[in-house]
Structure formats: C-alpha cells, structure tokens
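Work through the exercises below with the model open beside you. Try each task before reading its solution.

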Amino acid sequence: MRVNLTVNGERRRADDVWEGESLLYVLRERLGLPGSKNACEQGECGSCTVYLDDVPACACLVAAGQAEGREVRTVEGLADGDALDPVQQSFVDAGAVQCGFCTPGLVVAAHDLLRREPDPSDEEIREALAGNLCRCTGYEKILDAVHSAAGAR
Amino acid sequence: MQGSDAVELVRPDTLEEALAAKAERPGAVPLAGGTDVMVELNYDHRRPEALVDLTRIAELATWSASGGHVRLGAGVPYTRLIDELGDTLPGLAMASRTVGSPQIRNRGTVGGNLGAASPAGDTHPVLLAAGAEIEVASVRGARRIPADTFYTGVKRNALAPDELITAVHVPSAAVPAEQFSKVGTRNAMVIAVCSFALVLRDGHVGAAIGSAAPTPRRVPDAEAFLAAELPWGTDAPLPDSLKRRFGELVAAATEPIDDVRGTAEYRTHALGVLARRTLTWAWDDHRGSVRACA
C-alpha cells in the first residue's frame, strides 16, 4: 500500500508498504531517516520516539497506515539547519552521549518535556524519561544535559 | 520484519464503518495505540487476516460526564484520562499513571487494556472495584457488560467475534476514596507482579486483584467484611486488627501462579500487604471528606 504523510514539514510518500509494517520501518528503510533507532520493537526502550501529531510516541508501535495524512517530526527535524536544537547541543556539551543509540529518543523525549515544563526538577526529568533506556551513561549526564538545555532556552 | 503474508488494513472514519468491517471479518484485530498488537506483529507472533485501525474514529476518543457516571470512550489515551479526569475518576487515573511510560500512555487506551484482557492489565482491578460497565457494539446493536462478567479467562473476554469495545461507564467519585496499588521491579515500564484496587463509596466496598488469578477478579468475602466493619461516616482511625483481617481475606482470594515476574507465594503475600496499605489510604480519603463536611 501507499502511505502519504508529512515528515519534518515535508510531504512524503512511501510505496509498497506492508499493511502490518511499523512507522519506524517506513521512516528508516523507506524514507531514509535512520535517526529514530530500532532497538526493542516493543515500546520498552524509547529509542524510536518521534512526535506523531505533536505527541511523543514509539514509532515501532504505530502501524505505518495509522500515520496516513498525519504529521511526524523525527529527531532529524529538531535542528534548524546546521544549528542544533538546545537539547541536542546540551547533550553534546554535557557528555550525555556515549554509544549514542538511545540518544535520538532521549532528545525527542527531553524536547517534549521542556515544551511542557521549562524548568523541570530531577524527579520530573526522571519521570519524563522513564520510557527511554540508556545502558551507557547511568543517566547522570543526561539529567545534566536536560537542566542545561532548560537554562539555554 | 517484512512478511509476504497478506494482512488487510481497514481504516474506518466512523464507528458504523468499523462495525460493518468487523461483522464482515470477525477475525480482524482492532488496532488503537498498538502497544500490544504492534508488538505481536513486529515479533511475528501473530498474523491476523485484517487490522481495523480505530484511531480515525473521533467519537471513540471522547468522554462525557452525567448523572454521577463518566462515559469514557474506548480510544481515549491514558495521558488524557490522567490530565482530564484525574479528579473525577481518581482510581482509574491512579492506575493509568502506572502504565508503561509517557510514550506508552500517550497511545495506550482503556479499550485496548480491555481488548487484551491480560490478567496483569493495570486498569482491570479499578474497573472491577468501581463497578464499571463495558459498552460494546456490533451491527446487531450495543450492550453493556458489567466488569464482573467481562473477563472470562487468561487474555479472554466476553466479546462476541463481531463486537468492538466502544466505551466504559464508570461511577465518578463524589467523595474520592479510591486507591490503586501495584508491585513491580521499578517505577516505570512494569507489568504488574500483582495489583490491587479499593473503592469505598456510601457504605459499599469494591475491591479487586490483578495478576494473581487467571483473570482480574473481585474479592467478595473481603468486600463484605469491610462493608460491615468500617465505621462509615466517622473519622475514626481503623484498628490494626481490621486492616490485618482484610489483608488475610484478600490474600485468601488469590489464585496465583509462579512465573518470570514472581512466585505464587510472593503474590499472595504481597496482595495482603497491598490490601492493608490501600485500605489505610482510602480510609484516610474517607476521613478527610468526613472532616470537610463537619
């Protein structure tokens, strides 16, 4: 089947999509947007977090056909040209990136948190990022990055 | 993950179209937040003949309140339930806060919880304790199923093959004495090891267990004991002996198994503890409302 959707502000079309295929597969394998990571495929790890109609969701749990006509914003859509979003820049500056596999999902989840809560507490950050697993950092540098991004906004 | 097996994707815009599709294809699997169904597809555990996407049907994602009840559309995501109905349905909102993660709560729905009918589903004990009714519909018409008779076996429910879950009807808490408690290995992304819900309302007690029997179920002996023994309408503290007896009756009603998340023995013990704790909290709610009225 064909799926039409808006991704990062651009009208996109994917063809030969299998009806049971996930939005994540379409983004990565058909639309050339590998920023959203494929790790668990069961909504446990948050590495594939994208905005779907402005609401963060695991792209692996959205059927591609459910995204027909909808708006998707991926981690690739956060930067303004070469200027990183403050969340992205803070992750770099704070050393919150190690292997990097969880980073795109964490960046989107943190980006959403800061839209809702401009100056979150540690507890609010931990709660907001509870659906994003990182096996390298121990999360401390990620907390630092989110605080720093809040200050930069 | 690519499969050659054909799966039809039906995307109705109205409930009427969805019911017609389900009547034509009784094997079709309803798809909303995808938190269960997409996992099964991604892992090739299930290859249904058809999927019916319910996320385009606007009326399923609405709720309304009247006459001391809330009619909650089956497609309202947990995040909206928590944000919009936290005060009106405190027990259900409490259980919803323990579901998955923010991303999961943004997509998952009470309708999906009911469709999957897992013994460990977080909202079931609250729906049972609150005396909720499940509204289902087919091309033959609509009916309401009391939560008591909805869960028929492990991951099985009382739906006919052509029916879809459209809403739940939940008595709202005029005096919010509703509590939910859940045991898990951490605070997020946890399938309940066991769970417990308690609703105190006008001399009536609703209490139910999750993940400790083949289905979520009420605990009638414990409910009857508490309804008779509670000093309703007073702000008296509860004696430890009463809390202990309640915990024993709840523990006695469990019928758990050993599995990867915990042993049967642990579940029985933990439910006795959860019962005592939630009783303390719910009675504190009750006492607070008595004092507020005095």
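**Exercise 1. Helix length**

What should the 14 residues of helix α3 (residues 103-116) of chain A span at 1.5 Å a residue, and how far apart are its end C-alpha atoms?

Solution. Keep in mind that this is a predicted model.
- Step 1. The expected span of a helix is 1.5 Å times one less than its number of residues.
- Step 2. For the 14 residues of α3(A), that rule gives 20 Å.

**Exercise 2. Surroundings of the helix**

Solution. 
- Step 1. A residue is buried if 20 or more other C-beta atoms lie within 10 Å of its own.
- Step 2. In α3(A), 12 of the 14 residues are buried, so the rest of the structure largely encloses this helix.
- Step 3. List the buried residues. They are T103(A), P104(A), G105(A), L106(A), V107(A), V108(A), A109(A), A110(A), H111(A), D112(A), L113(A) and L114(A).
- Step 4. Look for the cover over these residues. It includes the strands β3 (49-52) and β4 (55-58) and the helices α2 (86-94), α4 (122-128) and α5 (140-152) of chain A.
- Step 5. Turn to α2(A). Its residues P86(A), V87(A), Q88(A), S90(A) and F91(A) are buried. The buried residues of α2(A) pack against α3 and α5 of chain A.
- Step 6. Check the end of α2(A). Just after this helix, G95(A) has a positive phi of about 70°.

**Exercise 3. The sheet of chain A**

In what order do the 5 strands of the open sheet in chain A lie?

Solution. 
- Step 1. Strands of a sheet pair through backbone hydrogen bonds, either parallel or antiparallel.
- Step 2. The order is β2-β1-β5-β3-β4 in chain A, and the pairing is mixed.
- Step 3. Find the edges. β2 (10-14) and β4 of chain A each pair on one side only, and these are the edge strands.
- Step 4. Take the twist. From one strand to the next it averages 40°.
- Step 5. Place the helix. α3(A) packs on the sheet and touches β3 and β4 of chain A. The direction of α3(A) makes about 45° with that of β3(A).
- Step 6. Examine one pair. β1 (residues 3-7) and β5 (residues 71-73) of chain A run parallel, with 2 bridges. V7(A) lies opposite V72(A) of β5(A).

**Exercise 4. Chain A as a whole**

Describe the layout of chain A, then test its overall size against the globule rule.

Solution. 
- Step 1. Count the elements. Chain A has 5 helices and 5 strands.
- Step 2. Read along the sequence. The pattern is β-β-α-β-β-β-α-α-α-α for chain A.
- Step 3. Apply the rule. A compact globule of 153 residues would have a radius of gyration near 15 Å, and chain A has 15 Å, which agrees.
- Step 4. Box the chain. Along the principal axes, its C-alpha atoms fill roughly 45 × 30 × 25 Å.
- Step 5. Check burial. Of the 153 residues of chain A, 52% count as buried.
- Step 6. Check contact range. Among contacts in chain A with a separation of 6 or more, 60% join residues 24 or more positions apart.

**Exercise 5. Domains of chain A**

Which element gives the most to the side of domain 1 of chain A that touches domain 2 of chain A?

Solution. 
- Step 1. The domain assignment gives domain 1 (3-77) and domain 2 (86-152) in chain A.
- Step 2. Their C-alpha centres are separated by 21 Å.
- Step 3. Count the contacts. 13 residues of domain 1 of chain A are in contact with 11 residues of domain 2 of chain A.
- Step 4. β3(A) gives the most on the domain 1 side, with 3 residues.

**Exercise 6. A hairpin in chain B**

Trace the pairing of β5(B) with its partners.

Solution. 
- Step 1. β4 (residues 63-66) and β5 (residues 69-73) of chain B pair in the antiparallel sense over 4 bridges. S66(B) stands opposite H69(B).
- Step 2. β4(B) and β5(B) form a hairpin with 2 residues between them. In the turn, G67(B) has a positive phi of about 55°.
- Step 3. β5(B) also runs antiparallel to β10 (residues 164-171) of chain B, joined by 5 bridges. There V70(B) has V170(B) as its bridge partner.

Definitions and conventions:
Residues numbered from 1 in each chain as written. Chains lettered and ligands numbered in written order. Predicted model: local features only at pLDDT ≥ 70, side-chain atom pairs only at ≥ 80, totals over all residues. Contact = placed C-beta atoms within 7 Å. Pairing = 2+ DSSP bridges. Axes fitted to C-alpha atoms, helices over the stretch in contact; angles between N-to-C directions. Rg over C-alpha atoms; globule rule 2.2 N^0.38 Å. Domains from an automatic or database assignment.
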